[in-house]
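Colleague: Could you take me through this model with a few questions and answers?

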Amino acid sequence: MSSKEPKEKVLPPNLEKLITEGKENPEKLWSKVAKDLNWFEPWDKVYEEEGPGKFRWFKGGKTNLSYNCLDYHVEQGRGDETALIYETGEKDVRRVLTYEELLCKVKEFASTLRAFDIQKGDRVTIYMPQCPEAVIAMLACTRIGAIHSVVFAGFGTGALADRIELAGSKLLLTADVGFRKGKTIDLKGIVDKALDEYPKAGELIEKIILLKRGEEEVNMEEGRDVFWKDAIERGEGEDSSYVVMDANEPAFILPTSGTTGRPKGTVHMHGGYQVHIYGMGKWIFCLTPQDAWWSTSDIGWIVGHSYIVYAPLLTGCTTIIFEGIPTYPDPGIWWKTIEENKVTKIFTAPTAIRALSKFPAEHYEKHDLSSLEVVFSAGEPLNPAAWEWLQKEVLNDEVPVIDHMWQTESAGPLVGNPYGINLLPIKPGSAGIALPGINAEIVDREGNPTEAGEEGVLIIKKPFPGLTPTLWEGEDRYINEYWSKIPGVYYVGDAATQDEDGYIWFSGRADEVLTIAGHRIGPTDIEDALVSHDAVTEAAVVGKPDPEKTEVGTVFAVLSGKHEPGEDLKKNLVKRVREEVGPVAVVEDIVFVDKLPKTRSGKIMRRTIKDIMLDNPLGDISTMEDQSAVEEIKSACKEIEIKE
């Protein structure tokens, strides 16, 4: 055995069998999962590869993601069972839809989409709060073969416009308002501003269908904007049938932040996507039709797509969608929701766990949590202190709290503790092991396997069905972004170590994407907002460690000659970021410098800036154009407080 290989692991036989099969014969493993789902026509070939990053799953298979979520269950006589529950801490409202009722709503909106000339292959942007109509819209799109692009309703004007342009959508679905912490968020105002200020996005969107939720009058542009109820009426009598889709036709685009340029448009297909999220739903989450399942994420993220909407409905369980935050109207609202809905399994984020841990025990002690069987966490590493509070204090060590890891591009879990197969000993702070069907390895920058305990980056050696097979922008960017950094393998982009038992420990992003309260924000999203202000000529954004949010943004800005640094300018720049990117982009520090470290080709060296800020060794900076920029950043960093 090579000294670089972890020692042989002793795994339960059933788990070891699946992991071995996933490495030696992944086609057999995934085809067995796929046979649990409905196919109108079987596939000719499970897997086909033309080269690194050029692959297809279930070639020739015919299916439909929305059909498998709804029609199939109704046809099996399960139409009266609860499919979707809407809960909120913002209003005294609760809604419950059975599989039959949800199917009727989806068919109704499928007719509406066709009435607005949306056909197979057309893109629809969904910029909506957490509500049943958003789920209905997603399922209606995939039902008719339209491609949805959901934009997180916490994003601002610039981020929304970028994502409309990326998808090339001609229809936008939105609401007049969202609700958060007792406040009303003017979503329609953000939409109007985005389409006014970004001409290309404004030219693309031909129609807006708006869900009226608030009490105030809404600005509606004649000829373009239509209320939801009026749009439904327009669709009466239109065809509501599903479209038989090829396994390798797109179900949706979900943009994800990158380190350069515009967001990347990850694409997930009707066939491979459903197989992966369904399989991982069984293996990791142990999802069954008897579950009352609650993923506390937002539909604007991949967790919301996969484990609020699609996988729970593919499984046939009850899924809960929640609008609000874990501490409003009081820090007991989530515990109350678990009790009242008899939630069996919950999937949340470390940020939420840390937020709830600050409040007195009375908030959870007064609620009956006995229905709860397991808690899952993802989005960022679950730190041991937060794990211990939930595992020991709240759940009295009676319910396992399990961390795991994945990304937008992977559709579902990559690394975890396979609760649905055989729960392994939990190591607080570790995301678990590489899962069945995921041929993963920790390697150095040259692609060589690392020693146990030696930090490297996570790579995937062979595609799996949930892996995005392309980007909406095209194959060239996909290969360049994911398959060229270490040639021949998929580059995940997370720094990690693996211990001698095979457990993987993540330490953050190997690239420059910020992780703020579980949300991944590209530095260019924030930098573009800053340089759109006439005071800023250049900006670099790096992540600063934060005990609650994991990271917050730190800005190093170069001003134009006409402007002087000052507190008022800092406030205006923070306001600009909130408007353009959204409140999810938390900027804590703005420091002004005369120059930024750059390579000779002009690329800003964000990694070097972050190393200076954190007082880390700088390593090789020989490619820097002007090394006096290092002293400039060092001086500026004296203004920045690093929290432990």
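Predicted model: local features only at pLDDT ≥ 70, side-chain atom pairs only at ≥ 80, totals over all residues.

Colleague: What area is buried between domain 1 and domain 2?

Modeller: The domain assignment, automatic or from a database, gives domain 1 as 13–498 and domain 2 as 513–642. In contact, meaning heavy atoms within 4.5 Å, are 25 residues of domain 1 and 23 residues of domain 2. The buried area, which is the accessible area (1.4 Å probe) lost on putting the two parts together and summed over both, is about 1,800 Å².

Colleague: Is E21 buried or exposed?

Modeller: E21 belongs to helix α1 (residues 13–24), helices being DSSP runs of H or I with at least four residues. The side chain of E21 makes a polar contact of 3.0 Å with that of K32, the term covering a donor and acceptor pair of N or O atoms within 3.5 Å, where residues adjacent in sequence count only if both atoms are side-chain atoms. Because its relative accessibility is 11%, and the cut-offs are under 20% for buried and over 50% for exposed, with partly exposed in between (1.4 Å probe, protein chains only), E21 counts as buried.

Colleague: Which residue in β24 stands opposite A440?

Modeller: Strands are DSSP runs of E with at least two residues, and two of them pair if DSSP finds at least two bridges. β23 and β24 (residues 456–460) pair in the antiparallel sense over four bridges, and the residue opposite A440 is I460.

Methods: Residues numbered from 1 in each chain as written. Heavy atoms only, no water.
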